[in-house]
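Here is a short report on a protein chain and its ligand. Keep the structure open while you read.

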Amino acid sequence: LDLVIAYSKIGKVNAALTAATVIEKFGSEVVLFSGVAGAIDSSLKIGDLIIASSLCQHDVDITAFGHPYGFVPESKLHIKADKKLIALAKKVAIARGLELKEGIIATGDQFIADPAKKEWIASTFKADAIEMEGAAVAAVCDVFNVPFFVLRAISDAADMDASFDFDEFLFNSSKISAEFIIAMLDEMSMV
Ligand code: ADE
């Protein structure tokens, strides 16, 4: 099996472009996406791992036409990640004694650093974590019928004040997330 490693810049457009490119140009049959996220569920602490059961776009608003927040006509509000990849991740977590949460991840082109916005996303989408790419990858993979998986390590609580040093936690959390993906690839006999 071949492994394609791709870097996506921040945001839904870049993530969609990256996902479409690995699928269309490189023929990827499975997509694993990793990075960091802000915590919504209060049990999630910095460095904790969460995998997406499903993902939604919290910044989509076509409510003027009677659609719920996050809904794009002819698509799905919540797009489910692949069950087999989720099971594989759980197996890897158990084998390594790591705690792994599973939940709803909300995606949007905004870095959430405000308690009121965080609360709105939490109550509107029942989201457990928030980031800026996952649902775009999910939407692309759904269209192409490619199984996908999204893993995030928590980097912040999505309500930070200006004194919070995001970059300090970004490095460590990114490393935790990437190392878990490598462990999954190991299990898939790809490294
Ligand atoms: N990625 C990491 N933390 C985030 C936050 N608070 N909002 C959006 N994306 C994030």
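Where is the place of Glu74? Glu74 sits in the loop between S2 and S3.

## About the model

This is a predicted model: local features need pLDDT of at least 70, side-chain atom pairs count only at pLDDT 80 or more, and totals for chains, interfaces and linings use all residues. Residues are numbered from 1 along each chain as its sequence is written, and side-chain values use heavy atoms, with hydrogens and water left out.

Helices and strands are DSSP runs, numbered from the N terminus: helices are H or I with at least four residues, strands are E with at least two.

## Loop residues with positive phi

Return to Glu74. Its phi is near 70°, a positive value in a residue other than glycine. Glu74 is also exposed, with a relative accessible area of 86%. Here buried means under 20% relative accessible area, exposed means over 50%, and partly exposed is in between (1.4 Å probe, protein chains only).

Lys126 lies in the loop between H3 and S5. Its phi is near 55°, again positive in a residue other than glycine. At 57% relative accessibility, Lys126 is exposed.

## Aromatic pairs

How many aromatic pairs does a search of the whole structure find? It finds three. Rings of Phe, Tyr and Trp (its six-membered ring) pair if their centres lie within 6.5 Å; planes under 30 degrees apart are stacked, over 60 edge-to-face, and the rest tilted.

Take Tyr69 and Trp120. Their ring centres are 4.9 Å apart and their planes stand at 90°, so the pair is edge-to-face. Tyr69 lies in the loop between strand S2 (49-57) and strand S3 (79-80), and Trp120 in helix H3 (residues 115-125), so the pair ties together parts that are 51 residues apart in sequence. Tyr69 is partly exposed at 33% relative accessibility. Trp120 is partly exposed at 35%. Ring pairs link Tyr69, Trp120 and Phe125 into a cluster.

Now take Phe111 and Phe166. Their ring centres are 5.0 Å apart, with planes at 80°, so this pair is edge-to-face. Phe111 is in the loop between strand S4 (100-107) and H3, and Phe166 is in helix H5 (residues 166-187), so the pair ties together parts 55 residues apart in sequence. Phe111 is partly exposed, at 40% relative accessibility.

## Around the ligand

Which residues are around the ligand? Among them are Val36, Ala37, Gly38, Phe111, Ile112 and Asp156. Such a residue has a heavy atom within 4 Å of the molecule. S1 gives the largest share of this shell, three residues.

Polar contacts are pairs of N or O atoms within 3.5 Å. A polar side-chain atom of Asp156 lies 2.5 Å from a ligand nitrogen atom. A backbone N or O atom of Ile112 is 2.7 Å from a nitrogen atom of the ligand. A polar backbone atom of Gly38 is 3.2 Å from a ligand nitrogen atom. Taken alone the ligand exposes 260 Å², and the protein buries 96% of that. These areas come from the Shrake-Rupley method with a 1.4 Å probe.

## Helix H4

Helix H4 (residues 134-144) holds several buried residues, including Gly134, Ala135, Val137 and Cys141. Val140 is buried, with a relative accessible area of 12%. The C-alpha atoms of Val140 and Phe171 are 27 Å apart, and the two residues are 31 residues apart along the chain. Just after H4, Asn145 takes a positive phi of about 60°.

Key. Polar contact = N/O pair within 3.5 Å; in protein donor to acceptor, adjacent residues only side chain to side chain.
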